Each structure stands twice: as structure tokens, then as C-alpha cells.
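Hi there,

Here is the structure I promised to pass along.

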Amino acid sequence: MPPMEPDVLPPEYAAALPARLVPSQRAQAGDPGTAEPAHAAGLRHTDESELLAARQRSQLLWEQSALGMVEWDEGFRVREWNPAAERIFGYTRDEALGQHAHFILPDTVRNSVSREVLDILLAQQGGSYSLNANLHRDGRVIQCEWFNTSLVDENGQTLGVTSLVQDVSEREAAQTHNRYLAEHDELTGLYNRKYLSHRAEHAISLASAQQPLALAFIDLDNFKHVNDTLGHSAGDRLLCLLAARIGAQLRAHDCAARQGGDEFILLLPDTTLPLAGALLDELAAALAAPCHIDGHEICVTVSIGVACYPQDGEDFDTLLRSADMAMYDAKRDGKNTWRGFRAPLRDRASRQMLLESALHRALARDELSLHYQPQFALGSQQLLGFEALLRWHSEDLGTVSPVEFIPVAESCGLIAMIGDWVLQEALRQLSRWQAAGFAPVPVAVNLSAAQFLQSDLAERIARALDAHAVDAALLELELTESVAMQRPEEALEQLAALHALGIRVSIDDFGTGYSSLSYLKRFRLDRLKIDRSFVADIVEDHEDRAIVEAVIRMAGALGLKTLAEGLETPEQLAWLTAQGCDAAQGYLLGRPAPAGEATAWLRAQAVATT
Ligand SMILES: Nc1nc2c(ncn2[C@@H]2O[C@@H]3COP(=O)(O)O[C@H]4[C@@H](O)[C@H](n5cnc6c(=O)[nH]c(N)nc65)O[C@@H]4COP(=O)(O)O[C@H]3[C@H]2O)c(=O)[nH]1
């Protein structure tokens, strides 16, 4: 079937009209049929058989057409009603004949389709196109596309209207659904970022100093933990529940979108920072109410960043970036809070970008090196080994502390590659010491989460040990508590695999994170390193003393060795020795130093033991 042109009646449909009626389009200028009534001209130029064939074609079209064909009289009552119209509206021809057009109009539009509108249709020259909500016999409202044209007789007298009609409900529903998908987040039903950005740009164009506007960036705290422990489907349900709470909390003119993952954006028109803060406190309280999923009670906290127009950004993208930076500020400040954007955050973000691009070049430019800090037994003061600590001297940025660049390497995904380099370099150094004939001492290497959770970690390390011909017992891996506890079940497997290789593992910064003691017991560990923040104050602070005493006793009970970090004073040394701490490292005993100085310690140790 040819596509329906809105203002031209397709010829085959025109031909299908009852012969006594002539669509007005045939009367238009230029149409060869205008000089005389069309059917008269047709009779003159067509012989009987052609006329019969035309009639048959018309009949076929009338009966078989997928388009409804309806003919109305001057009073807009049905004069003809083809089988397709029967199917579309559910009324048989007999039921439809004589009915006023109102019979297929729902109540809601019946009154708006006045006599005047119908008169316009009657007077229509050349056809008109409309999309209507119509009423099916069974009470359903259906969407119909109408093409109408008025009918005139030989004398130009209006006889009525003829219409082609098509049920486009499915197409319209699909379009409505597509529009919905284009604007909404499929999972939660909130708007998506794209839609919110349009709303925000519009709101910005209306905003002024008197009518400020705030954009809030919300990130759930520790959502990954929910996904990891309860599975993604439970995580999805939690997101839906929280999205509904966000929706319920908004004012009428606010707009909420899911940016993706566990991140949401709120557009708060007409809102200053203090007002946004008050609204967000209420929102955070609503979100913190327990959620019940699969028989688990989950309590969620959120970190929120807020940026205000115009001071924190004059367009949506800048505002969103500012709100994002403020959200990270909230995370750094311990999560479960909101922070407004501050200009220094932008400096911090640009420093981050600078570090990131310089780090990408660091390996190729050979800017990384390892320093080694000696570790001593507290009783015998024997050198037990070294901790390898990464150093970066950037050609562009100078010396950068690992405290600053390791988190950047972690966030930009470079840590696995850098960590690999550290491992290889430490093993290279061990094999150099072996080749030089030194009695072997272990070297400890720090592992970050991205490395520790690599599924092939044990195989990679085994290959590296082989390649450098280093005994596995000379390699120690240091994990922070948070890394080990991130996915404890996977950590259990990983630690068992490393243990099977003969590698030693210690928990770094012990006491600063949250450790499940039951896991600690099941993990294959060799040593707890007591964080230097506790060691620093053991002489003055009785609480830190109590913590360190407890850690030493607990480690003893679990069959683990202890090493105190950050030993700086002889008083600390004496106290730790008295408590039975096994080992220590710190400035008092030796600062981290390049391999050459570490070799000097090894030499001194060799002399001391001969
Ligand atoms: N105040 C004080 N500090 C002392 C003393 N003795 C040692 N330190 C410092 O304490 C840090 C100990 O390393 P960490 O806890 O593993 O903490 C490390 C570790 O978490 C990370 N890091 C260093 N190298 C690597 C690495 O190769 N891979 C990974 N993933 N992280 C690394 O960077 C952190 C900082 O490293 P550094 O700046 O080298 O800082 C080192 C060391 O220089 C002392 O007596 N007093």
C-alpha cells in the first residue's frame, strides 16, 4: 500500500468511492477531469469492459483494504462503512450506518469536536489529516490516523466527507514507549542524565541571581559491598527502592535522575546552598531508613556533593563536575555527609589530572625506583628483611610521594602495571643480592586491591619467581586490612593460593581499618604490622598502649608474628620489646633508602653474624 500523503487522496482510493460521488481533489486545477464531472468523463473515454474492470477494482479495494473507508453525509452521519472500518471500530456496517460521528469519539473529546470542526472538514478542499483518539465498540480508546476529503457532486454541491482511517495505536504506543526510554532510566524509572541535562540547561536559562539553582550529586556509600555480598539482582532492587524514596522526597519542581550505577543527580531549581543542605539532610535521613531485601536489613548512607549556579559553574557540565568533586570531598571526609563545592577542589582535580598524565609516562621514562626500609627483630636486633617502597621522581613534577600518586594510579587503572613493575624490580634486586653471595633476607612488597583481586595473581607471581630464580620464601606481600576485607571470601582463596606457593603475607596498617576477627583467623597470614599511628603515641597515650598490647596478645594467640611500624624513639623500642612485639621498622632503625644503602645493611649484617 502506498504511504498516505496527508493532503492527496491516493488515486486507487479515490476510484474506490461510490461512483455517484466525486472527491473534491478531482476538481482541483490542472486535473484533466475538472472540465466535466469525473464519472461522466470516465464514461465517455472508457468502454464498458474498462468500466466494469474499474468497478471490480474499486469493489476489491473497498472490501479488502487494510485502511478503513468511511463516507459521511452532510450531517456527519455514516453513509458507508467498509469491512476494515468494521475491524478498526468493532461496529458492523449495519450498526454504523446512520450513526453520527460522535459514536466513535470518547466522552473526553466528544464535546470538543463541534459542529464547527465538522463544517471545516466538510469544506475541506483536497483533504486533511488528523490524529484522533477514537472509541472502539469495546470501550477501548484507540489512536487513529484520519485522512478526510469532502465530496462534491457535478454541480460542486457538498455531499459529505469521505475518510480513510488507520488504527495506529500500536505505533503510537511504541513511540510513546521510545520517548519514555529516551528520557528515563530503565531500572529505576527516574529520569536519565540526558533528560536532566536538558531540564538543567532550561532552568539555567531562566535562573538569575534572585533565583539560584543547585545541582546535587549523590553516591551511595559502599554499594559495591551489597552487590558483592547479596548479588546484582538484590543490588538492583535496592537501587529501585532508594530511587522511589528520592522521588518521594522531591518538591514538585525538582528533578531526579539516575546517572548510572549507584549515582543519582538532583536538579533543585530556586535553591541556595543552605536550602539544598536542609533538603539533602532530610533526603539522607529518608534514605537511611532500613531497606528489607531478600530477608536482609540493609542500611544505606550516601555521600552528596552540591554545586550552585552560577558561582560553581555556568552550564550543566561544569555544575555536574563541581558537584562530583564536592561529592568526593564528602567521601574523603568520612562519607555519610554532604559537601558544597569549594574552588580548591578544582585545583585538586587538576593536580589529579596532571599526576595521571605524568604517571602514564613514568614507566616508559624510567622514573620509578624502589627504596628499601630495613626490618629488625626486637630481641636480637637482627636484620629480618626489607620493605620495598616505591619512589617516583617525575621529570615534569619533581618527586611525588606515594601517598599522593598511589591513589591516583589506583583510580586511573595504572596500579596493576605499576605494581607489576614493583614486584619484578624487587625480585630483580633479590636475585642480585643472591648473586652477590649475601645471606638471603625477605623483601616485602605492597599490594593494592586491584592487584590482590587479580584472579591469576598466584600464577603471575610464580612465573616471576621462576624468571628471577628467587625462592618464594623470600617474598612477602603486604595487604592493608581494607584490601583483605573488601571481598573476604575471594581473599580467603587468594591467600590460600599464595600460601601454597610458599609466599608470606602480612596485614599492613593493622588497627586502622575494620577487620573481622573470624576472617583473620581463617586467612592464611604470617604477620600483623601494627600501624604507626598507634606506635607514635604508645609512650604517652594509654589507649594506644592498650590497643597495641591487645594486638600483640591476639596475634600471639592466632600464631601470627607482629611488626611495629614507624618506630622513632628508644622509649618506643623499649616498650615494644617489653611487650613481646617480634619486630619493628622505623626511622630509629633505618629510613627507606636506595638499593645501594640496603646492600650496606646486608653487608653489616653479614659481618655481625660471622
Ligand atoms: N613518620 C614515619 N614514617 C615512616 C617511618 N618509617 C617508615 N615510614 C614511612 O611509612 C610508610 C610505610 O609504608 P606503608 O605503611 O606500606 O605505606 C605506604 C604504602 O601504602 C604506599 N606504597 C609505597 N610503595 C608502594 C608500592 O610499591 N605499592 C603500593 N601499592 N603501595 C605503596 O605508600 C605508603 C607510603 O609510603 P612512604 O611514603 O614510602 O611511607 C612509608 C615509609 O617511608 C617512621 O619511623 N616514621
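A word on the naming to begin with: helices (H or I, at least four residues) and strands (E, at least two) are DSSP runs, numbered from the N terminus. Please keep in mind that this is a predicted model, in which local features need pLDDT of at least 70 and side-chain atom pairs count only at pLDDT 80 or more, while totals for chains, interfaces and linings use all residues. Residues are numbered from 1 along each chain as its sequence is written.

Let me start with the backbone. Y309 and P310 are joined by a cis peptide bond, with omega at about 0°. P310 itself sits in the loop between strand 13 (302-309) and helix 13 (316-332).

Two residues other than glycine have a positive phi. For F76, phi is near 60°, and this residue belongs to the loop between strand 2 (68-73) and strand 3 (78-81). Q381 also has a positive phi, of about 60°, and is found in the loop between strand 15 (368-377) and strand 16.

Are these two buried or exposed? I call a residue buried if 20 or more other C-beta atoms lie within 10 Å of its own, exposed if 12 or fewer, and partly exposed in between, with C-beta atoms placed from the backbone. F76 counts as buried because it has 20 C-beta neighbours inside 10 Å. Q381 has 13 such neighbours inside 10 Å, so it counts as partly exposed.

R199, in helix 9 (residues 193-206), is partly exposed because 18 C-beta neighbours lie inside 10 Å. Beyond its neighbours within four places in sequence, R199 is in contact (C-beta atoms, placed from the backbone, within 7 Å) with C255 and L267. The C-alpha atoms of R199 and F316 are separated by 9.4 Å, and the two residues are 117 apart along the chain.

Now to the ligand. A residue is near it if its C-beta atom, placed from the backbone, lies within 6 Å. There are 22 residues around the ligand, and L390, P402, N446, G586 and Y587 come nearest. Strand 16 (383-394), helix 15 (402-411), helix 16 (415-435) and strand 20 (504-510) each supply at least two residues of this shell, and helix 15 gives the most, with three.

What is the shell made of? Nine of its residues are nonpolar, eight polar and five charged, where Ala, Val, Leu, Ile, Met, Phe, Trp, Tyr, Cys and Pro count as nonpolar, Asp, Glu, Lys and Arg as charged, and the others, Gly among them, as polar.

Best wishes

Terms used
Two residues are in contact if their C-beta atoms, placed from the backbone, lie within 7 Å.
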